[in-house]
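Hi,

Here is the structure I promised to send over. Have a look at it first, and then read on for what turned up.

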Amino acid sequence: MGILDFIVVFGGLAFFLYGMHVMSTGLEKMAGGRLERALKKMTANPLKALALGAGITVAIQSSSALTVMLVGLVNSGIMEIGQTIGVIMGSNIGTTFTAWLLSLMGIEGNIWISLLNPKYFSLIMALIGAFFILGAKSQKKKDIGSIMVCFAVLMYGMKMMGDAVEPLADKPEFTRLLTAFNNPILGMIVGAVVTAIIQSSAASVGILQTLAIKTGAITYDMAVPIIMGQNIGTCITALISSIGVGRNAKKVAVVHIAFNLIGAVFCLAVYMALNSAIHFAFAPKAIDATGIALVHTIFNVTTTVILLPFTKLLEKIANTLLPEKDEESRVEFIDKRLLATPSIAIAECDFASVKMAHIAKETILLCNSMLFDYDEQTVEKIRSNEDLLDEYEDKIGTTLVQLSSQAVSEHDSQITSRVLRAIGDFERLGDHAMNLIDLSREIKQKDLKFSDEAMFEIKTLLRAITDIIDKMCYIYEKSDIAEAANVEPLEQVIDDLTDTIKNNHIKRLQQQKCTIEGGFVLQDLLSNYERVSDHCSNIAVSVIETSQGMFDTHKYLHNFKHSNKKFKEVFAEYWENYKVSAE
């Protein structure tokens, strides 16, 4: 085998790995936040976890990518180690799909049967994909086109490798080399090492299938240990991704390694014992691509069936090897490993921003409750919430900026826009909460008194603020566009309400019913609550605009207020509920 043949083999491998990587990334992008939502619905039911792991692996064509996701999700505290075990088992079954797809390479016959061969239909896919990339206006169709083209690149890489190794079948040196693989231990080690180097069990199985098809020199006795070793080698990705994470996240790698290692050793021992006792007739025969896919599937399904009842034992092994430490109880906010899967990271930022909405709501409502009943314990809670809102804004914003350079789906892009626009408003709500507790302290320290009329007006304002903050939180969490349209009329009512209260105070001041000092506090109070309602309106508008692809807030609000009959109707309804009479 000359140097040019080596170049072709490794060039083909490069095409294969590149096609597999880009195709997997594209499929993850297409899946969007659905992956994250599916994993979050994980229950303790191992069968559901198994099905989900298999389904996600088939969908994204990468068990390694799923494992890295699991490490990141556990390190972020989103999933528990026990929830990941069934998913890991399922991913091993899901990864067999690629081997079955590649096994179609051996199909030959009339034109219609030959079209089932990936090396032929991938060319058709490449042509369609190119049309999508160059001519489609929809980003989703462009992404589909990219996936189709990359599948063709993958298959072209396989063909390159196959063409380069085909002459090896007639080389006596190659035949002598293969005899070494009759040693099952060596075969397992080679399978593990090759897979660990290229970090893709699908690719290593594909290489084995190519050798089997083109040389016809790979027997079942050789293939079985190599395939089992490949499942051990694929654990390297989980091992690498666990570097620098907390103990809980490291346990994902431990479970992955334990599952594959126990399964490989057990199945190889059983195979060798049975073959020694009854001498399988197929063992010395040449294996083809379909046979490799079948062995790969039988091994993974058998391992899963055997170990599925022992998920608790696998978790115990991980806990024993990596016992808990109190100082490591803190988890990452959004683990950096999730950045490798933008759809997951964006979904987590969205989830974190919903937490911000609830924290902001709680903080403002606490301010309302202690306005005239100052309490230091409540103040500490408000301060803690405000610090948390600052931290959330910083980390969510940083994460989304890091993701801005990566290609994401249109849906994920909308989520990113909405979150980036909202987190600033959530943080500002925390700032106004701090202003409100300062005013509450001043009211207490100076023992300020307000007239009965002023107290009625302030309580009416607090009811309206409670209403708008409740609506804001619900709308943001549920992305309720219809309800979001009702926030701006309420915000306008609050603006008019604060103006009325200001005017009434001036008249009471002239009548000496209120003090100037109390008036200063009231003025600041009204200004802060008016800004609170503005931020709630901004958040509701961001939900509407990102869903409709509009980003001109001023134009949207102008048109909505002056050209929308419903606005006037809803405004009148809210004004009836919260109006105060002008004095």
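Let me start with the largest cavity, which is lined by Lys449, Phe450, Ala454, His505, Cys514, Thr515, Gly518, Gly519 and Leu522. Please keep in mind that this is a predicted model. Helix α24, residues 516–548, gives the largest share of that lining, with three residues. The volume of this largest cavity is about 50 Å³, and the count of cavities of 30 Å³ or more comes to two.

One of the lining residues, Ala454, brings us to helix α21, which covers residues 452–478. This helix has 27 residues and spans 39 Å from its first C-alpha to its last, close to the 39 Å expected at 1.5 Å a residue. Just after α21 comes serine 479, with a positive phi of about 50°. Tyrosine 476 is worth a look as well: the charged end of arginine 418 sits over its ring, 5.0 Å from the ring centre.

Now to the aromatic rings. The count of aromatic pairs is five. One of them joins tyrosine 220 and phenylalanine 282 edge-to-face, with 5.1 Å centre to centre and 70° between the planes. Tyrosine 220 belongs to helix α13 (residues 220–233), while phenylalanine 282 is in the loop between α15 (247–278) and α16 (289–307), so this pair ties together parts that are 62 residues apart in sequence.

Put together, Tyr220, Tyr271, Phe280 and Phe282 form a cluster linked by ring pairs.

How many disulfides does a search of the whole structure find? The search finds zero. As a reminder, a disulfide is a covalent bond between the sulfur atoms of two cysteines.

Happy browsing, and do write back with any questions.

Best wishes

Conventions. Residues numbered from 1 in each chain as written. Predicted model: local features only at pLDDT ≥ 70, side-chain atom pairs only at ≥ 80, totals over all residues. Heavy atoms only, no water. Disulfide = S-S within 2.5 Å. Phe/Tyr/Trp six-rings, centres within 6.5 Å; stacked < 30°, edge-to-face > 60°. Helix = DSSP H or I, 4+ residues; strand = E, 2+ residues; numbered from the N terminus. Lys NZ or Arg CZ within 6 Å of the ring centre and 35° of its normal. Expected span 1.5 Å × (residues − 1). 1 Å grid on protein atoms, 1.4 Å probe; cavity = no way out; pocket = protein on both sides within 12 Å on 5 of 7 lines; lining within 4 Å. Points joined across faces, edges and corners; volume = space filled by probe spheres on them.
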